[in-house]
Amino acid sequence: MDTIIGLEIHLQLKTESKMFCSCSSQYFEKEPNTLTCPKCLGLPGALPVPNKHALELCILMGLATNCTIAKHIKFDRKHYFYPDLPKGYQISQYDEPLCNNGTVNIKLPDGSTSTVLIERIHQEEDVAKTFHLKDGTTGADYTLVDYNKSGVPLIEIVTKPCIKSAQEAKLYATKIRQIARYLGISDADMEKGQMRCEPNISIQETGKWQMVDNKIKPIGDYKLNPKTEVKNIGSISAVEKAIEYEVKRMTDDLQAGKKLTQQTRGWNAEKGITEFQRSKESAEDYRYFREPDIPIINVSDQDIANISTKLVELPDAKAERYKNDFGLQDYDIEVLTASRDIAEYFEKAFDLSGDAKSTANWITGIIFSHLNKNGIEINDVSIKPEDLAILTKSVNTKAITTNKAKEILLNCLSNDKSVDISSEIEKAQSSAVSDDGALLNMVKQALSENEKAVTDYKSGKTAVIGFLVGAVMKLSKGNADPNKVKDLLEKELGK
Ligand SMILES: [Zn+2]
């Protein structure tokens with residue numbers, strides 16, 4: 001059996017106002033129904049006016065994913081009945097999406113690259129939020145509606161049915177989130193509903209189908225299995241789990257001789273299962289027609305050129321540059337480019353220290369484990385890129401040892417307040433064993449306490465010097481310079 005997956009991702013755009021009115025789109029944790037007007041309440045006669053900034057952000061996403069941008073923008077009405085949709089239709093784009101035929105590269109765990117084909121990115125508006133409740137006294141069901149979210153700008157990114165596994169779908173969704181955050185077009189926080197993923201999945205017998213113009217076609221008299229679409233997915237890891245569950249469910253049903261039907265199912269995160277919601281509507285059910293209240297908007301080459309200036313260096317290009325210019329390892333590159341904030345932190349610290357590898361090591365090692373342990377972001381740590389650069393340079397000029405730098409870094413990270421790294425380094429230097437007499441005494445003590453190592457060394461096992469350096473470092477409580485200790489030991493041992 002082959003698994004064939006297409007993914008629809010909705011992203012809420014980071015604009016000040018809503019898609020077709022001037023109400024604020026910052027609805028998170030606001031008093032219900034306080035950000036509304038006749039337009040987003042769907043009152044008769046209210047005329048929608050498209051949000052230019054939202055359209056620019058949609059185009060920006062299209063450019064970042066190698067799409068062709070349409071020469072004009074046309075909106076359509078998508079009709080369906082539900083209390084969260086006050087007009088009875090959603091203003092969306094049907095047959096002429098703003099962005100077409102894009103690509104996104106994802107890196108698979110085996111190191112190979114897979115290209116996910118984007119069919120379209122279109123502009124639309126979000127619906128209101130409904131709360132289904134039960135009356136405490138009568139037990140009757142009722143629904144409350146909050147229209148603050150009604151009309152918030154959304155883009156929908158639709159792939160071709162080209163994704164072959166749950167893992168690939170997860171990696172693709174992660175990449176889309178990463179690109180959106182790099183561009184600053186959306187925070188793409190799935191917990192806040194700013195990013196929603198809806199995979200559609202089908203399983204087909206290997207060798208019985210083929211892809212023709214990016215559509216699944218049967219070979220011979222094979223009858224294609226219908227697909228299911230999964231909704232309500234609240235995290236990227238759940239995208240993978242929901243697909244795995246669906247593939248197994250459909251495979252089991254087929255093996256049990258059941259006939260599959262086209263369905264829309266919901267992901268139940270608590271139970272880790274998908275549940276039947278409804279038989280899937282087809283496009284005809286939505287009775288799409290052109291939105292007559294919004295004139296066609298032309299997109300000129302100059303418009304595209306202006307929007308292009310807002311493109312930033314994207315994760316793939318950054319990764320390539322880190323590899324070629326700095327010779328960093330794949331793991332380090334992945335960590336450093338995971339978010340724009342981390343990449344910018346790294347680049348700033350590198351600019352000041354001139355040492356990419358050490359800077360990368362500090363960030364991907366100690367700093368990153370601190371972030372993970374405390375669930376915080378890079379911009380929340382007390383060590384700023386400037387501090388890290390000073391620390392890196394101090395190690396490189398041998399002003400302090402690597403061990404001492406590590407200690408200072410850990411100390412500063414555990415301190416929430418901003419730190420004066422230079423004074424920490426000065427303190428470390430003053431407590432360092434720089435007095436040659438004191439250090440020589442420690443070397444002598446270490447040699448007398450480790451007679452076997454001395455004998456080994458003299459019999460030619462010179463590697464044992466590392467052990468002796470360690471012994472002296474211990475006596476100095478980590479305050480000695482290991483290179484100096486090694487020199488002194490070798491001198492004493494008569495090398
Ligand atoms: Zn409004």
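The model is a predicted one, so what follows describes a computed fold. Its chain folds into 15 helices and 18 strands. Along the principal axes, the C-alpha atoms fill a box of roughly 95 × 60 × 55 Å. Of the 495 residues, 36% count as buried. If you look at contacts with a separation of 6 or more, 70% of them come from residues 24 or more positions apart.

Domain 1 is made of three stretches, 2-189 + 197-217 + 283-302, while domain 2 covers 315-431 and domain 3 covers 436-492. Between the C-alpha centres of domain 1 and domain 3 there are 67 Å.

Let us turn to the sheets. Nine strands make up an open sheet with mixed pairing, and their order is β2-β6-β7-β10-β1-β11-β14-β15-β16. At its edges stand β2 (68-69) and β16 (273-279), each of which pairs on one side only. Helix α3 packs on this sheet, where it touches β1, β11, β14 (228-231), β15 (263-268) and β16. The direction of α3 makes about 25 degrees with that of β11. Within the sheet, β6 and β7 pair in the antiparallel sense, over eight bridges. To place that pairing by eye, find isoleucine 106, whose bridge partner in β7 is serine 114.

There is also an open sheet of three strands, in the order β5-β4-β17, with antiparallel pairing. Here β5 (89-92) and β17 (289-290) each have a single partner strand, so one side of each is left without a neighbour in the sheet. Strand β4 (residues 76-79) runs antiparallel to β5 and is joined to it by four bridges.

In soluble globular proteins, nonpolar side chains tend to be buried together. The largest nonpolar core in this model has 61 residues, and those with the most contacts inside it are Leu11, Cys58, Met61, Ile121, Ala169 and Tyr172. Elements giving two or more residues to this core include the strands β1 (2-12), β6 (99-107), β7 (113-125), β10 (153-159) and β11 (195-204), along with the helices α1 (52-64), α2 (166-183) and α3 (236-255). Which element gives the most to this core? That is α2, with nine residues. Take alanine 169 as an example: beyond its neighbours within four places in sequence, alanine 169 is in contact with Ile5, Leu7, Ile163, Pro199, Val239, Glu240 and Ile243.

A second, separate core has 31 residues, among them Ala349, Ala389, Ile421 and Ile425. Isoleucine 421 sits in helix α11 (residues 421-431). With 22 other C-beta atoms within 10 Å, isoleucine 421 is buried. Leaving aside its neighbours within four places in sequence, isoleucine 421 is in contact with Asp387, Ile390, Leu391 and Cys412. Proline 109 is 312 residues from isoleucine 421 along the chain, and the C-alpha atoms of the two are separated by 39 Å.

Finally, a word on backbone angles. Most residues other than glycine have a negative phi. After α14 comes lysine 477, whose phi is positive, near 55 degrees. Glutamate 29 is not a glycine either, yet has a positive phi of about 60 degrees. Asparagine 33 likewise has a positive phi, near 55 degrees. The loop between β1 and α1 holds glutamate 29 and asparagine 33.

Technical notes: Residues are numbered from 1 along each chain as its sequence is written. This is a predicted model: local features need pLDDT of at least 70, side-chain atom pairs count only at pLDDT 80 or more; totals for chains, interfaces and linings use all residues. A nonpolar core is a set of buried Ala, Val, Leu, Ile, Met, Phe, Trp, Tyr and Cys residues joined through C-beta atoms within 7 Å. A residue is buried if 20 or more other C-beta atoms lie within 10 Å of its own, exposed if 12 or fewer, and partly exposed in between; C-beta atoms are placed from the backbone. Two residues are in contact if their C-beta atoms, placed from the backbone, lie within 7 Å. Two strands pair if DSSP finds at least two bridges between them. Domain bounds come from an automatic or database domain assignment. Axes are lines fitted to C-alpha atoms, for helices over the stretch in contact, and angles run from 0 to 180 degrees between N-to-C directions.
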